[in-house]
2 protein chains.
Amino acid sequence: MDAPFSLEAYLGTQGARVEALLRKSLERLGETTPPVLRDAMAYSLLAGGKRLRPVLCMAFAEAVAHGPVPPATLDAACAVEYVHTYSLVHDDLPAMDDDEVRRGKPTSHVVYGEALAILAGDALLTEAFTLLSTGPDPVRGALCQLLACAAGAAGMVGGQVLDIAGDRPAQEAYLSRLHALKTGALLRAACTLGVASAGGTAAQLRAASTYGEAVGLAFQIADDVLDVTASAEALGKPAGADAEAGRHTYPAVLGLQASLQKARALVQTAVQAVQELEPVPGPLAALAHYSVERQA
Amino acid sequence: MDAPFSLEAYLGTQGARVEALLRKSLERLGETTPPVLRDAMAYSLLAGGKRLRPVLCMAFAEAVAHGPVPPATLDAACAVEYVHTYSLVHDDLPAMDDDEVRRGKPTSHVVYGEALAILAGDALLTEAFTLLSTGPDPVRGALCQLLACAAGAAGMVGGQVLDIAGDRPAQEAYLSRLHALKTGALLRAACTLGVASAGGTAAQLRAASTYGEAVGLAFQIADDVLDVTASAEALGKPAGADAEAGRHTYPAVLGLQASLQKARALVQTAVQAVQELEPVPGPLAALAHYSVERQA
């Protein structure tokens, strides 16, 4: 009988793999890239973090491939993290959230200045598409489409625009729409990119989409909850920042217990969606639970 | 005997075609995109301009296809203009060049605020890849690669980083490297995207690359010259802005006459490169000359 699945060991192994892949991906930039730009990109890209998106991407590809994943999966995993990192760099800018600390370190514009932080973000976004489009596999165009749709005006950037708008109603429907775009779209793309890069079926793509949508929202609700309940040390940023910024959150709209209940129901939806992809509960089920049960 | 080629008529026809394509491309954004984001994207995208890049893209595709161009060419033409527009929106930001007027209109951040200008730029860049990757043609992945390489850290963004660096030597080699990245890479991509989207050969791709590189630099030298010689009214922005900003320019490094000579030599290089693609001088030759002979 197999040993029970250990998420901790899995995250350790896959996280280290992602770190190595990200480091290697930066070597591609070559001598034409100004060194200070590469430094600024590396500073934010290699600042740690949970690497949840690339880990999900690889987990879905492994579930589809039943073994080693193709190079396109590794590029997709990096590309998603590039896009996630660019969004954090731009979100932190003085004109946006004006955050000076991220993952316990000074933010990009504090270290490199605003102009270079804007450009490092632009470069990370663009290089995500270089990574994703470079390779002989005919699937590359479809991967670019998945990522661009998730990251664009009707996805992540659209969600960010909703988030900075002045007239945000304190309603659950509005909050769920905001997060479906701002966090959900890219997290869902991490899942569907994993399936598509490994040659999955349309049914597997649908399962990854349902899973990613549910886990994305659960993850965001958990973030809102952690902002209320966790310590600044565990978060790597000031706690209570949402309330201080007058930001509507799930705990503020639904209450703490109902928020947690909703997040756990979403985890069940996600786990059910991948039952065919993962008949014996493994990384996909564990990662869905982790999105809510984590402490930071 | 055919009537002689009229660049004015050609630019009128193709420019109107590009305007219509760009307008139509924005409809794709759909109801999920926040209206204010679509407005900000449209404001900058439809602010006029010469549309040189999309016109070049379509001209190369027509030279390859000897007739109607495929949908991928039209998407590529729009995608290049999206990327060009995003770069202007971000360049104009207070943290960058801090320009309040562009093409005779207030810049994006003056109208929409800095946060939305940053996000509108991000969305334009991302949607360029949505446009380019959406369609059944197997060439889409290769098109994304051409655009991403040109726009990224070893291309346009890299050039922008060189441009804001403090220690710029007043040397021709440095200036040509700067412009090869900042302006040249995207203009060259406009040409190669035209060829690639229309199924051109490797030799045709090389010709487009040589042409684009030469015209890109000629165009930039002409810009530097116009900044010295043209009126603010013709430019749609204050004249003499480069000198005032202490920026190194070709006229400052080489002198006015030598700058013009260099630009005209580059035009000859470009025209020679496309002699097989365009045996009877037509749009490609005329556009090369126009890059230097224009008045604004």
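Mentor: Let's begin with A:Asp223, which counts as partly exposed at 28% relative accessibility; that class sits between buried, under 20% relative accessible area, and exposed, over 50% (1.4 Å probe, protein chains only). A:Asp223 belongs to helix H10 (residues 202-229) of chain A, where helices are DSSP runs (H or I) of at least four residues, numbered from the N terminus. Its C-alpha atom is separated by 9.3 Å from that of A:Thr249, 26 residues apart along the chain.

Before the pairs, a word on the ground rules. This is a predicted model, so local features need pLDDT of at least 70 and side-chain atom pairs count only at pLDDT 80 or more, while totals for chains, interfaces and linings use all residues. Residues are numbered from 1 along each chain as its sequence is written, chains are lettered from A and ligands numbered from 1 in the order in which they are written, and side-chain values use heavy atoms, with hydrogens and water left out.

Now to the salt bridges, each being a side-chain nitrogen of Lys or Arg within 4 Å of a carboxyl oxygen of Asp or Glu. Over all chains, the structure holds 24 of them. One of these joins A:Glu293 to A:Arg264, with 3.5 Å between the closest N and O atoms. This pair links distant parts of chain A, 29 residues apart: A:Glu293 is in helix H15 (residues 283-293) and A:Arg264 in helix H14 (residues 256-273). A:Glu293 is partly exposed, at 40% relative accessible area, and A:Arg264 is also partly exposed, at 40%.

In chain B, B:Glu19 and B:Arg51 meet through their side chains in a salt bridge of 2.6 Å, N to O. B:Glu19 lies in helix H1 (residues 7-27) and B:Arg51 in the loop between helix H2 (35-45) and helix H3 (52-65), so their contact ties together parts of chain B that are 32 residues apart in sequence. B:Glu19 is partly exposed at 22% relative accessibility, whereas B:Arg51 is buried at 2%.

Another chain B pair is B:Arg140 with B:Asp75, whose side chains form a salt bridge at 3.0 Å, N to O. Because B:Arg140 lies in helix H7 (residues 140-151) and B:Asp75 in helix H4 (residues 71-91), the pair ties together parts of chain B that are 65 residues apart in sequence. Both B:Arg140 and B:Asp75 are buried. Back in chain A, salt bridges with shared partners join A:Glu19, A:Arg51 and A:Glu81 into one network.

How values were computed. Helix = DSSP H or I, 4+ residues; strand = E, 2+ residues; numbered from the N terminus.
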